[in-house]
Amino acid sequence: MTMRILVPVDGSASSRAAVRFLAGRETMLGKNPEIELLTVQNVVPQRIVEMLSLESLESYYRTEGERVFESLRGEIRAAGFTAKEIVRGGEPGKVIAKEAEDLDADLIVMGSRGQSLWKSLFLGSVSNAVLAESKRPLLLLRDEVPATGDRLRVGIAVDGSAYGEAATDYVLAHKDFFGADPDFRVLHVVRDYETLVATTSVEYVMPTVTTEEFEKSTAEEFEKTVAPVLERFEKADVPVQAEKLRGFPSEAIAKYAKDELDLLVIGSHGYGNFKSAVLGSTAMHIAAECKVPLLVVRR
């Protein structure tokens, strides 16, 4: 299966990390992947065009884009890939989303500057603009080049919703992208007894529950949540293991990812509810905390 991959680049360390991630994978992209490098130039106001006597904005965009592409071509060629190079002008988030639709991209791969997506939510970063504008799966990378090699440790966070199942379906449909022999793990976070007791309002009288009863309840919850996902893996004949985490979902998943994973996959709602994501969805909290490459699958 040929993957169509859109890689927005701007010459920054984070965009180079995106290219290196792809270049470092020998079997992940299948045969003859269709890779498109896209650089988006800011629109030049007409008065500036006239002031600088720029006869052709297209020529200006191409010149600026060439500077970006030239710094990346070596790594693309060394990896044995070819990539189409596209220059566009406009608002980056909207342009990237439109290009992904025109390409019918299976995946957008892009860098995300800085160590915290949470702060950037209030600064209008390009990565978050793309999240707001597009429903295409988006792989976000930090400035640091991720682990190379084909045995990636891949975690899929599930919570019993359709979003986690959609993320699972995407992973299984594009299994080769994760390497020749990936280590898949299904993650679900259950309540922690001590945390539950500590955060319960004094105005609310908890029923008396023994630790044994609590453990039984969380075990049943865990099994019920991961069962549909594990069944999908079993049907596809793909090995997987389930991991029960404890505590607050975003913190527990981010910590596990930092210690145990090379890539984390989460499902999220589609565009249209982006403001609610800023106001505190679990998916965006995980994005804020997570330091490993993060694949966000929209539904």
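Me: Which residue just after α5 takes a positive phi?
Reply: That's Asp-104, with a phi of about 60°. Bear in mind that this is a predicted model.

Me: And α5 itself, what span should its twelve residues have?
Reply: Helix α5 covers residues 92–103, and at 1.5 Å a residue it should span 16 Å. Its end C-alpha atoms are 16 Å apart, so that agrees.

Me: Which residues of α5 are buried?
Reply: Gly-93, Val-95, Ile-96, Ala-97, Glu-99, Ala-100 and Leu-103.

Me: Switching to the cores. Which residues in the largest nonpolar core touch the most other members?
Reply: Val-7, Val-109, Leu-139, Phe-177, Phe-178, Val-265 and Leu-295, out of 41 residues in that core. Apart from it there's another core of 34 residues, and Leu-103, Val-130, Leu-245 and Ala-287 are among them.

Me: What is Leu-295 in contact with, leaving aside its neighbours within four places in sequence?
Reply: The contacts include Leu-107, Pro-137, Tyr-170 and Phe-178, as well as Leu-263, Leu-264, Val-265 and Ile-266.

Me: New topic: where does Arg-20 sit?
Reply: In helix α1, residues 13–23.

Me: Why does Arg-20 count as partly exposed?
Reply: Because its relative accessibility is 32%, and partly exposed lies between under 20% for buried and over 50% for exposed.

How values were computed:
Residues numbered from 1 in each chain as written. Predicted model: local features only at pLDDT ≥ 70, side-chain atom pairs only at ≥ 80, totals over all residues. Heavy atoms only, no water. Helix = DSSP H or I, 4+ residues; strand = E, 2+ residues; numbered from the N terminus. Expected span 1.5 Å × (residues − 1). Buried < 20%, exposed > 50% of the residue type's maximum accessible area, 1.4 Å probe, protein only. Core = buried A, V, L, I, M, F, W, Y, C linked by side-chain atoms within 4.5 Å. Contact = heavy atoms within 4.5 Å.
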